[in-house]
Amino acid sequence: MSNKVLIVDDAAFMRMMIKEILSKNGYSVVGEASDGAQAIEKYKELGPDLVTMDITMPEMDGIAALKEIKKIDPNARVIMCSAMGQQAMVIDAIQAGAKDFIVKPFQADRVLEAIKKTLS
């Protein structure tokens, strides 16, 4: 059975890039969200095995959304995505319960490595 992934990023282009990497490698992208509030709703609705979550988004950022998802499901597996130079935010995300982080622009092998490690 392929693992179900929810992709959260305010940039449609970034969602498309991650979706392409995952789809080519046997993962099932069950949903997409463009902000943290949507991510929480989609998480409740879809129950994905893994979430890739952008940190910087309008409405609700990824760290706030991560904290809410962890309240709903303490075992939620979330990988944060950040642009270069957001190290402090990455540390906050890991402390809030993120399993790993990947840096934009995405390298396909790094994305897959993070996902494999998080799901194993």
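Colleague: What is the strand order of the sheet, and how do the strands pair?

Modeller: In this predicted model, five strands form an open sheet in the order β2-β1-β3-β4-β5. The pairing is parallel.

Colleague: Why are β2 and β5 said to stand at the edges?

Modeller: β2 (28–33) and β5 (100–103) each have a single partner strand, so one side of each is left without a neighbour in the sheet. From one strand to the next, the twist averages 20 degrees.

Colleague: How do you know that β3 and β4 pair?

Modeller: Pairing needs at least two bridges. Strand β3 (residues 50–54) and strand β4 (residues 78–82) have four, in the parallel sense. So β3 and β4 count as paired.

Colleague: What makes β1 and β2 a pair?

Modeller: The cut-off is again at least two bridges. Strand β1 (residues 4–8) and β2 share five, in the parallel sense. Therefore they pair. V5 has V29 of β2 as its bridge partner. Between the two strands, the chain passes through helix α1 (residues 12–24). This β-α-β crossover is right-handed.

Colleague: Why is α2 called roughly parallel to α3?

Modeller: The axes of helix α2 (residues 36–46) and helix α3 (residues 62–72) cross at roughly 20 degrees. Angles under 35 degrees count as roughly parallel, so α2 is roughly parallel to α3. The two axes come within 9 Å, and the crossing is right-handed.

Colleague: Which residues make that contact between α2 and α3?

Modeller: From α2 come G36, A39, I40, Y43 and K44. From α3 come A65, E68, I69 and I72. By class, the contact has six nonpolar, one polar and two charged residues.

Colleague: Where does helix α5 lie, and at what angle to β5 does it run?

Modeller: Helix α5 (residues 108–119) lies across β3, β4 and β5. Its angle to β5 is about 175 degrees.

Colleague: What makes the backbone at E59 stand out?

Modeller: Most residues other than glycine have a negative phi. E59 is not a glycine, yet its phi is positive, about 65 degrees. E59 sits in the loop between β3 and α3.

Colleague: Is the peptide bond from K104 to P105 cis or trans?

Modeller: The bond is cis, with omega near -5 degrees. Most peptide bonds are trans. P105 belongs to the loop between β5 and α5.

Definitions and conventions
Residues are numbered from 1 along each chain as its sequence is written. This is a predicted model: local features need pLDDT of at least 70, side-chain atom pairs count only at pLDDT 80 or more; totals for chains, interfaces and linings use all residues. Side-chain values use heavy atoms; hydrogens and water are left out. Axes are lines fitted to C-alpha atoms, for helices over the stretch in contact, and angles run from 0 to 180 degrees between N-to-C directions. Contact means heavy atoms within 4.5 Å. Angles under 35 degrees count as roughly parallel, over 145 as roughly antiparallel, 65 to 115 as roughly perpendicular and the rest as oblique. A crossing is left-handed if the near helix is turned anticlockwise from the far one by less than a right angle, and right-handed if clockwise. Ala, Val, Leu, Ile, Met, Phe, Trp, Tyr, Cys and Pro count as nonpolar, Asp, Glu, Lys and Arg as charged, and the others, Gly among them, as polar. A crossover is right-handed if, with the strands pointing away from the viewer, the path from the first strand over the helix to the second runs clockwise.
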